[in-house]
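Subject: Structure handover

Hello,

Here is the structure for you to look over. My notes follow below it.

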Amino acid sequence: MKRTGSAVTAAAAAFVLAQSPSAVAADAPAWTVPSCARVTGDGAVTYTTDDGASLAPTTGTLKPVSYTHGLVALDTPNTLLATRNSELQRSTDAGCTWTRVATLGSGSTRLTAAPGGRAFAWEMSGAYLARVDGRTVTPLTAPTANIVGVGTDRARPGHVRLAGGDGRLFDSTDGGASWKAVGSRAFGGGTTVYSVAFDPADPDHAVAGGMARGGAVTTDGGATWTSSTGLSATAGGAANLFHAVVSPANPSVVHALGIDLVEAAPGSGSEGRHLYRSADGGRTFVKTVDDSAETKLTNGTLLAPSPTDANVLYFAYGTYYQDYGTDLFRLDTATGKIGKTHNAYDGISAIAFNPARPKVMYLGVEEVRVD
């Protein structure tokens with residue numbers, strides 16, 4: 001069996017946590033930590049309490065080819081949603097038991113949580129969009145054939161914002177039933193937009209990543225955009241910004257993944273791939289991590305910011321090749337230190353944090369290799 005390493009065989013006591021009043025976040029008093037030593041399900045989701053040094057074992061063994069691209073903790077107590085390929089799964093006991101809810105209209109679906117126990121399921125660079133309320137999945141008509149980001153509004157449950165592949169934002173105030181285009185394109189048109197990351201606390205604040213144009217940030221819902229700087233070490237140099245995440249702990253902090261195209265030019269001796277950090281909402285960036293043999297980055301590296309510490313970012317590298325497995329990294333930009341743990345899964349596709357005890361991380365995992 002592939003999952004017999006020390007990463008998944010830690011003692012049960014490591015996973016059964018005693019909950020104290022001080023451990024419960026004030027905005028989520030009813031959430032608890034997992035009370036199980038083993039997760040019941042098909043193996044798509046596990047959890048860790050020690051940054052990935054040990055993972056809770058699962059009753060099922062994930063079958064290839066499986067990707068868990070969607071994983072969110074809802075504001076309904078102890079409720080999480082996950083997507084494994086086209087299957088929507090749900091847990092109502094803080095991640096201990098997972099059951100199938102529905103089959104979605106896409107084999108690669110992401111999730112964005114919304115107020116009132118709601119979530120939106122959507123396909124990156126596709127047109128699939130649905131609203132999830134409890135166990136009910138309502139298909140929606142997307143205003144674009146190329147969705148590159150979805151944001152929700154904590155203050156207005158029916159308000160949702162969506163980004164298209166040309167950098168245009170769309171707004172809905174009725175839970176996605178109808179849409180209207182708002183503002184201007186992030187890069188003025190003609191630029192391929194890889195992704196748009198919305199501030200989880202304010203959908204008016206978003207950071208777009210573009211091909212060769214680097215990044216752009218808006219704080220007024222797309223009415224105006226400001227070009228990001230610092231993604232290339234060369235003044236005026238081109239860069240690709242593939243993906244950004246706005247810190248839930250501090251909206252001024254944005255982590256991003258990109259390539260300095262000047263460094264990546266033929267004969268440069270470097271691919272130019274880096275992680276970056278912005279302290280002003282995405283206007284200016286500085287490099288934090290270089291692609292290397294020790295900290296391997298890809299164009300699709302998963303970024304997961306800590307919900308409580310704006311300096312901490314988790315990222316992962318995994319591959320089935322030669323049964324390598326997955327490295328889970330913890331970057332602390334305050335100290336520059338990078339921690340690393342390893343597990344036998346082929347990859348980690350999504351990360352969510354327990355609202356009561358953020359030290360509990362839920363991992364959506366991959367099984368790719370076909371033997």
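Gln89 is buried, at a relative accessible area of 4%. Buried here means under 20% relative accessible area, exposed over 50%, and partly exposed in between (1.4 Å probe, protein chains only). This is a predicted model, in which local features need pLDDT of at least 70 and side-chain atom pairs count only at pLDDT 80 or more, while totals for chains, interfaces and linings use all residues. Residues are numbered from 1 along each chain as its sequence is written, and side-chain values use heavy atoms, with hydrogens and water left out.

Gln89 and its partners

Gln89 sits in strand S4. Strands are DSSP runs of E, at least two residues long; helices are runs of H or I, at least four; both are numbered from the N terminus. Which side chains does the side chain of Gln89 meet in polar contacts? One is Asp42, at 2.8 Å. Another is Glu87, also at 2.8 Å. A polar contact is a pair of N or O atoms within 3.5 Å; within protein, one must be able to donate a hydrogen and the other to accept it, and residues adjacent in sequence count only if both atoms are side-chain atoms. With neighbours within four places in sequence set aside, Gln89 also has contacts (heavy atoms within 4.5 Å) to residues including Ala44, Leu80, Arg84, Trp98 and Val101.

Ser91

Strand S4 covers residues 87-91 and includes Ser91. Ser91 counts as buried because its relative accessibility is 0%. A polar atom of its side chain lies 3.0 Å from the backbone nitrogen of Gly95. Beyond four places in sequence, Ser91 touches Asn78, Thr79, Leu80, Cys96, Thr97 and Trp98.

The disulfide

Cys96 brings us to the next item. A disulfide is taken as a pair of cysteine sulfur atoms within 2.5 Å. That rule gives one disulfide. Cys36 is joined to Cys96, S to S 2.2 Å. What does the pair tie together? Cys36 lies in the segment before strand S1 (45-48), and Cys96 in the loop between S4 and strand S5 (99-103), so the link connects parts that are 60 residues apart in sequence. The link of Cys36 and Cys96 is left-handed, with -95 degrees about the S-S bond. Both cysteines, Cys36 and Cys96, are buried.

A four-stranded sheet

Four strands form an open sheet in the order S6-S7-S8-S9, with antiparallel pairing. Its edge strands are S6 (109-114) and S9 (136-139), each pairing on one side only. From one strand to the next, the twist averages 25 degrees. For the angles, axes are lines fitted to C-alpha atoms, for helices over the stretch in contact, and angles run from 0 to 180 degrees between N-to-C directions. Two strands pair if DSSP finds at least two bridges between them. Strand S8 (residues 129-133) and S9 pair over four bridges, in the antiparallel sense. Val132 has Val137 in S9 as its bridge partner.

The whole protein

The protein has 27 strands and zero helices. Its radius of gyration is 20 Å, close to the 21 Å from the globule rule for 371 residues, so it is as compact as a globular protein of that length. The radius is taken over C-alpha atoms, and the rule is 2.2 Å times the number of residues to the power 0.38. The C-alpha trace spans about 55 × 50 × 45 Å along its principal axes. Of the 371 residues, 53% are buried. Among contacts with a separation of 6 or more, 46% involve residues 24 or more positions apart.

Best wishes
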